[in-house]
Amino acid sequence: MTARESFRIGDQHVAPGRVASVDLPVSVLPDHTPVSLRVTVIHGRRDGPCAFVSAAVHGDEVNGVEVARRLLGQKALRSLRGTLLVVPIVNTFGFLNRSRYLPDRRDLNRSFPGSEGGSLAARLAHLFLNEVVLRCDFGIDLHSAATNRTNLPQVRVSPDDTRLMELARVFGAPVIMPSTERAGSLRAEARERGVETLLYEAGEGLRVDEHSVRIGVAGILKVLRHRGMLSGRGPVPGRPPLLARRSLWVRAPGGGLLSSYREDGQRVAEGDLLARVANPFGGEEVEVRAPVEGIVIGRAVMPVVNEGDAVFHLAEIERPVNEGVVLEEITKHLSRDPLFDEDEII
């Protein structure tokens with residue numbers, strides 16, 4: 001059998017069976033502190049696919065950072081086939097500033113493919129795309145809702161991509177959301193270049209949600225096992241994910257204090273009361289009702305709202321959903337996969 005070659009990234013060679021953290025230079029801060037893109041390379045002894053897992057493309061989405069951190073602690077990765085590139089923090093600038101954006105207010109996830117000599121966002125996008133993403137067969141990009149909103153754990157895929165839909169079902173998040181890519185996004189550019197990329201959305205900006213983290217780690221391990229990169233016993237499959245037909249945001253009919261009556265994952269019927277918006281000085285209260293039947297896949301957590309603010313994200317599901325079924329699925333999934341830092345589930 002021919003010996004497997006080392007994996008070269010930056011100025012380092014990672015030998016088969018080794019794990020290495022590689023710092024790819026990105027920029028220098030105004031005080032001349034260097035900034036790098038840290039990639040942890042797990043290069044298996046045996047041949048197999050190359051995959052990436054990335055988080056904090058938006059710097060305030062720290063839930064994915066915790067998913068990536070726990071993933072790196074999994075003992076199952078010691079017997080990995082192929083190569084796994086894990087980037088817990090893509091947007092270091094936003095992470096340090098607790099901000100979604102780069103210092104120039106550009107959105108990194110609208111800056112792909114980037115360029116070597118462009119803006120800071122363009123340079124970082126170019127580096128990450130070429131040194132990590134395009135060297136892989138597939139990837140999983142981890143995201144959260146924006147600050148002051150939260151998302152039910154969900155995987156987003158292109159509506160017409162049957163191969164990605166298969167991976168989404170394997171991942172096992174409660175909901176699969178068919179979602180077209182946006183111009184300049186990592187997912188759109190990766191697909192254009194032939195790299196299948198799942199997008200996992202879960203939790204809230206600047207918060208770590210334990211349920212979302214556990215589902216994320218278990219989902220990544222399931223996908224790696226499905227693609228032949230891991231062997232052995234995997235997590236116990238739960239109920240099949242719910243497939244959304246479409247989704248819509250319900251907006252506040254007026255400004256004031258928001259009192260919500262529905263949680264993530266709950267089923268609602270058309271006309272159900274979702275919340276009330278109250279005048280902070282007393283008097284009138286305006287009801288917020290569901291315009292369609294579906295489940296709550298996202299909502300605002302900030303009680304102060306303006307007229308027109310998005311307060312509930314509802315998904316219409318392809319198959320019937322019983323009251324509370326999504327929350328029950330999450331609970332069962334977590335009880336079967338009690339993931340903590342030191343645990344191994346493969």
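Okay, hi everyone. Keep in mind that what we're looking at is a predicted model.

Let's start with helix α3, residues 120-131. That's 12 residues, and from the first C-alpha to the last the helix reaches 16 Å, close to the 16 Å expected at 1.5 Å a residue. So which residues of α3 are buried? They're Ala121, Ala122, Leu124, Ala125, Leu127, Phe128 and Leu129. As a reminder, an α-helix has 3.6 residues a turn, so residues three or four places apart point the same way. And what do the buried residues of α3 pack against? There are strands on that list, namely β3 (18-28), β4 (34-43), β5 (46-55) and β6 (81-87), plus another helix, α5 (186-192).

Now the sheet. Here we have 4 strands making an open sheet, and the order runs β15-β14-β12-β17, with antiparallel pairing. The edges are β15 (285-289) and β17, each of them pairing on one side only. Further in, β12 (residues 256-260) and β14 (residues 273-278) pair in the antiparallel sense over 4 bridges. If you want one to click on, take Leu258: its bridge partner in β14 is Val277.

Strand β17 covers residues 304-305, and Val304 lies in it. Buried or exposed, then, for Val304? Exposed, with a relative accessible area of 54%. Val304 also belongs to a nonpolar surface patch with Leu257 and Met302. Together those three have about 250 Å² of accessible area.

That's my bit, thanks.

Methods. Residues are numbered from 1 along each chain as its sequence is written. This is a predicted model: local features need pLDDT of at least 70, side-chain atom pairs count only at pLDDT 80 or more; totals for chains, interfaces and linings use all residues. Side-chain values use heavy atoms; hydrogens and water are left out. Helices (H or I, at least four residues) and strands (E, at least two) are DSSP runs, numbered from the N terminus. The expected span of a helix is 1.5 Å times one less than its number of residues. Buried means under 20% relative accessible area, exposed over 50%, partly exposed in between (1.4 Å probe, protein chains only). Contact means heavy atoms within 4.5 Å. Patches are made of residues with over 30% relative accessible area and no salt bridge: like charges are joined within 9 Å, nonpolar side chains (Val, Leu, Ile, Met, Phe, Trp, Tyr) within 5 Å. Accessible areas come from the Shrake-Rupley method with a 1.4 Å probe; for residues, only the protein chains shown count as cover. A salt bridge is a side-chain nitrogen of Lys or Arg within 4 Å of a carboxyl oxygen of Asp or Glu. Two strands pair if DSSP finds at least two bridges between them.
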